[in-house]
Amino acid sequence: MIVEQSPALIVVIPLICALATPIVGLVRKEWCYYWVLLSLLAATVFSIVTMGRVLSDGTIRYFLGNWDPPYGIEYVIDHLNAMMLVLITGISFLVAFHSKESVADEMPGRTVFFYTVFLLQVTGFIGIVITGDVFNLYVFLEIASLAGYALVAIGEDGAPLASFRYIILGTVGACFYLLGVGYLYMVTGSLNMLDLAQLLPELYHSKVILVAFAFFMVGVAVKMALFPLHVWLPDAYTKAPSASSALLAPLMTKVAAYVMIRIMFTIFEPCFSMEMLPVTAVLSWAAVIAIVAGAVMALAQRDLKRMLVYILVSEVGYIALGVGLANRNGLTGSILHILNDACMMMTLFLIVGAIVYKARTRTIADFRFLHRKMPLTMGALVIAGLSVIGIPPTCGFFSKWYLILGAVDAKQWIFAVVLLLSSLLNAVLFFRVIEYAYLEPRAEDAHGHDDEGVIIRMEEAPVTMLLPIYAGVAGIFLFGIYSGEIISTLIQYAVPTCF
Amino acid sequence: MLEFIVGKYNFWIYIILMMIGFYAMIAKNNLVKKIIGMNIFQTSIILFFISIAYKKGGTLPILYHAHAHGEQAYSVAEYINPLPHVLMLTAIVVMVATLGVALAIVIMIYRKYHTLEEDEILKASK
């Protein structure tokens, strides 16, 4: 039955469609857009089917080529990655839907190749999340990274150099991950995650395991852009085209965060991750610095996209903080924040794409009268901003609430204070944007300009852009209102039982 | 001490190569030299994987001339572990792809700025 093959189809459909995209482009260039939408819709449907199967029957183990693990590669889908799969396919579908005008506008003549790489990027993300084999994960990690370098490099002026720096750092991260795989293979002789989880506890005293764990954590932290290792991210995501940054910013960091959670709590036992090395303490302090530093750096930016990119650095800090707290509430908040932040960041970056397309600017100071020009887009910006600040009933509130509960459970009062402080900083950030966009300049400020007489015509973004933006806004509210249900049906199974 | 250095020489070689590559990636000003450093870095990891598969006196994990007499490896202890080699074939493909993307981007940079020195590019882009 085709439903039984759904785990493989989620990966295979975008991959085959990516390779067929140039052929579709040969026939008719405009068809590429619809072709990409169709393949991502199919992948979304199969991932929802797979999630339904996981919810009704529990964890799915799919053996590729019918080779039994640990000899063959297997795909393992439990509650955590079933959620990630729906998130990845859904977000990439919405970003592709949004990209019709902006791709033709920003990359004329290169749309066919853009969509090919776009689908390869999605394949990489899905593969990282779905696989149950550590080396297979490395291969998919590199597929996702290579597609990401290409997607960044086609952007504006400084993009190739930003992409080059991303390559250098990204390769270091991936190679460290590969070294971690090598060290684990040296002592266990296995590459299968579940098999490793059974073999490793006897070897926890070994120094080789500690080295492997350290290499894994550093490698993944580079990919995830955790604070001291985030230097590649701001330039790369600011200079990438709107459609690329809307795909990369919400997903790349979250997928890497997923890998970190997998390594710490599936491959290694939670007690090892917490007790053998002071990794949780290091992680949570790095996360706290990331939260504050990201928000402070964002304050200094005049460019909306650059401001969002620094906010992303601080949001990655929230996820790492939840992992570092290592208790039930903290990790629940962290996984919930993966979901919520992907939704918020997608909405915000899509809004930037719409503003760039219509208003031709990203500088916040140029946003005057934008609420009259693009009322619907700016309305969505306000809602997404409120969610980043963390105001109920938007989803940002609930994940922060669980993180604060986790910090209180761990008796780390300073983390709770930092979480509240960062909400204040985010409020300052977004109210600055809202002030420029909504408040009319006073008469003396407008002196010398002839704005007074000008009637601002409404020039709203096209429907293909507004629909995904409002789907994101709906997601922000739904994830917020139904966060209790999301936790009870999906996330509580993802948190290790010993917490 | 001598045992620690000589007995594990494969690890020392891989670490030294890796550090050479790492140094070039961080300290060199020329973009192509950075890419060469990246390649040395990746190659050191290939050597690491291959060296952990080695067994003294091991042979191929293949039953060639199944009917012939002579040396045949039947038990695991007799042949070299083939799996790290297979993994590294995949890793080589990944590394070639990385190299290709990196060189393509360097060409893009050169066409725009007519230089490959990072400080000159930064000066030109400001």
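A:V495 touches A:R328, A:L331 and A:T332, leaving aside residues up to four places away in sequence. A:V495 sits in the segment after α20 of chain A. The model is predicted.

**A:V495**
- A:V495 has 22 other C-beta atoms within 10 Å, so it is buried. The cut-off for buried is 20 or more.
- A:V495 and A:F265 are 230 residues apart in sequence. In space, their C-alpha atoms are 8.4 Å apart.

**Helix α19 of chain A**
- Helix α19 covers residues 463–481 of chain A.
- Its 19 residues should span 27 Å at 1.5 Å a residue, and its end C-alpha atoms are 26 Å apart, so the two values agree.
- The buried residues of α19(A) are A:M465, A:P468, A:I469, A:A471, A:G472, A:V473, A:G475, A:I476, A:F479 and A:G480.
- These buried residues pack against α3 (79–106), α14 (328–359), α16 (375–389), α17 (395–409) and α20 (483–494) of chain A.

**Helices α9 and α13 of chain A**
- Two packed helices are described by the angle between their axes and the distance between the axes.
- The axes of α9 (residues 232–239) and α13 (residues 304–325) of chain A come within 9 Å. They cross at roughly 140 degrees.
- That angle makes α9(A) oblique to α13(A). An angle counts as roughly antiparallel when it is over 145 degrees.
- The crossing of α9(A) past α13(A) is right-handed.
- On the α9(A) side, the contact residues are A:L233, A:P234, A:Y237 and A:T238. They meet A:K305, A:R306, A:V309, A:Y310 and A:V313 in α13(A).
- By class, this contact of α9(A) with α13(A) has 6 nonpolar, 1 polar and 2 charged residues.

**Backbone features in loops of chain A**
- Most residues other than glycine have a negative phi, and most peptide bonds are trans.
- The peptide bond from A:P69 to A:P70 is cis, with omega near 5 degrees. A:P70 is in the loop between β1 (60–63) and β2 (74–77) of chain A.
- The peptide bond from A:P392 to A:P393 is cis, with omega near 5 degrees. A:P393 is in the loop between α16 and α17 of chain A.
- A:A326 is not a glycine, yet its phi is positive, near 55 degrees. A:A326 lies in the loop between α13 and α14 of chain A. It counts as buried because it has 24 C-beta neighbours inside 10 Å.
- A:K411 is not a glycine either, and its phi is positive at about 60 degrees. A:K411 lies in the loop between α17 and α18 (413–438) of chain A. It has 8 other C-beta atoms within 10 Å, so it is exposed. The cut-off for exposed is 12 or fewer.

**Contact between chains A and B**
- Chain B puts 25 residues in contact with 21 residues of chain A.
- On chain B, α3 (31–53), α4 (83–113) and α5 (118–125) each supply at least two residues to the side that touches chain A.
- α4(B) gives the most to that side, with 13 residues.
- By class, the side of chain B that touches chain A has 19 nonpolar, 4 polar and 2 charged residues.

Terms used: Residues are numbered from 1 along each chain as its sequence is written. Chains are lettered from A and ligands numbered from 1 in the order in which they are written. This is a predicted model: local features need pLDDT of at least 70, side-chain atom pairs count only at pLDDT 80 or more; totals for chains, interfaces and linings use all residues. Axes are lines fitted to C-alpha atoms, for helices over the stretch in contact, and angles run from 0 to 180 degrees between N-to-C directions. Helices (H or I, at least four residues) and strands (E, at least two) are DSSP runs, numbered from the N terminus. Angles under 35 degrees count as roughly parallel, over 145 as roughly antiparallel, 65 to 115 as roughly perpendicular and the rest as oblique. A crossing is left-handed if the near helix is turned anticlockwise from the far one by less than a right angle, and right-handed if clockwise. Two residues are in contact if their C-beta atoms, placed from the backbone, lie within 7 Å. Ala, Val, Leu, Ile, Met, Phe, Trp, Tyr, Cys and Pro count as nonpolar, Asp, Glu, Lys and Arg as charged, and the others, Gly among them, as polar. The expected span of a helix is 1.5 Å times one less than its number of residues.
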